[in-house]
Amino acid sequence: MPKKNTRTKPKLLIDTTFLLPALGFEVEESAMKAIELFRKYNIYYIEFGILEAMWKILKIIKSEQLIIVYQGLEAIRETYKKLEVPIEAYIDSFSFYNKGHKDIIDAIYYFTSIYSKIPLLTIDENLIEFLLKNGYNTDLLYRPSDLNKLL
């Protein structure tokens, strides 16, 4: 009898960039290459990522393309796991804002990662620079080029 692989896949929280291709939106090549590796992970998203993605695509999508968005949303919900944002993540997001990082969604992603102990995959260099400059813990922060380190 073949031995079952009992090793569980590593968890990974993805930011909005990695949701966009499913909705018909083009992203950077490094993000696309990272998405090719998602089968090796348990992928998590937060509902704010969907909202942020919708803000981005509303400006460019035509009504006849909404079927792509619909199918993409279905695929995201069927393929990835939704992660609830911890209350502490909302509260701690104020510190980001008060220190000068005005993207509250970035803050919610970061603190959700921290409190859930799930690495965050991002290509947002502004976020990474802000975290490093302000002494935040970046142990759970990954760029696409770092993905193989989790395996």
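This short talk walks through the fold of one predicted model, from its sheet to its core and a few single residues.

Some ground rules before we start. The model is predicted, so local features need pLDDT of at least 70, side-chain atom pairs count only at pLDDT 80 or more, and totals for chains, interfaces and linings use all residues. Residues are numbered from 1 along each chain as its sequence is written, and side-chain values use heavy atoms, with hydrogens and water left out.

Let's begin with the sheet. Helices and strands here are DSSP runs, numbered from the N terminus: helices are H or I with at least four residues, and strands are E with at least two. Two strands pair if DSSP finds at least two bridges between them.

In what order do the strands of the open sheet lie? There are five, and the order is β3-β2-β1-β4-β5, with parallel pairing. At the edges sit β3, residues 81-82, and β5, residues 141-142. Each edge strand pairs on one side only.

Now go strand by strand. β1 covers residues 11-14, and β2 covers residues 42-45. Three bridges hold this parallel pair. Look for Leu12: Ile43 of β2 stands opposite. On to β4, residues 120-121, which runs parallel to β1 and is joined to β1 by two bridges. Here Leu13 faces Leu120. Back to β2, which has two bridges to β3, again parallel. In that pair, Tyr44 stands opposite Lys81.

How do we get from β1 to β2? Through helix α1, residues 29-35: together the three make a right-handed β-α-β unit. Right-handed means this: with the strands pointing away from the viewer, the path from the first strand over the helix to the second runs clockwise.

Next, the core. Buried means under 20% relative accessible area, exposed means over 50%, and partly exposed is in between, with a 1.4 Å probe and protein chains only. A nonpolar core is a set of buried Ala, Val, Leu, Ile, Met, Phe, Trp, Tyr and Cys residues joined through side-chain atoms within 4.5 Å. The largest one has 45 residues. Which members touch the most others? Leu12, Ile14, Phe96 and Leu121. Helix α5, residues 104-116, gives the largest share of this core, with six residues. In general, nonpolar side chains in soluble globular proteins tend to be buried together.

Stay with Leu12 for a moment. Contact means heavy atoms within 4.5 Å. Skip the neighbours within four places in sequence, and the contacts of Leu12 include Phe38, Tyr41, Ile118, Leu147 and Leu150. As for α5, this helix lies across β1 and β4. α5 runs at about 165° to β1. Axes are lines fitted to C-alpha atoms, for helices over the stretch in contact, and angles run from 0 to 180 degrees between N-to-C directions.

Now helix α4, residues 87-99. Ala89, Ser93 and Phe96 are buried there. Seen down the axis of α4, these buried residues fall within an arc of 50°, so they line one face. The arc is that of the directions from the helix axis to the C-beta atoms. Which residues sit on the face turned away? Ile87, Ile91, Phe94 and Asn98, and they are exposed. The cover over the buried side includes α5 and α6, residues 125-133.

Zoom in on Ser93. Why is Ser93 called buried? Because the relative accessible area of Ser93 is 1%. Beyond four places in sequence, Ser93 is in contact with Ile104, Ala107, Ile108 and Phe111. Just after α4 comes Gly100, with a positive phi of about 115°.

One more backbone point. Most residues other than glycine have a negative phi. Lys117 has a positive phi, near 60°. Lys117 sits in the loop between α5 and β4. Lys117 counts as exposed because the relative accessibility is 66%.

Last stop: Ile60, in the loop between α2, residues 47-58, and α3, residues 66-79. Ile60 and Phe25 are 35 residues apart in sequence, yet 9.1 Å apart in space, C-alpha to C-alpha. Not counting residues up to four places away, Ile60 touches Phe25 and Gln65.
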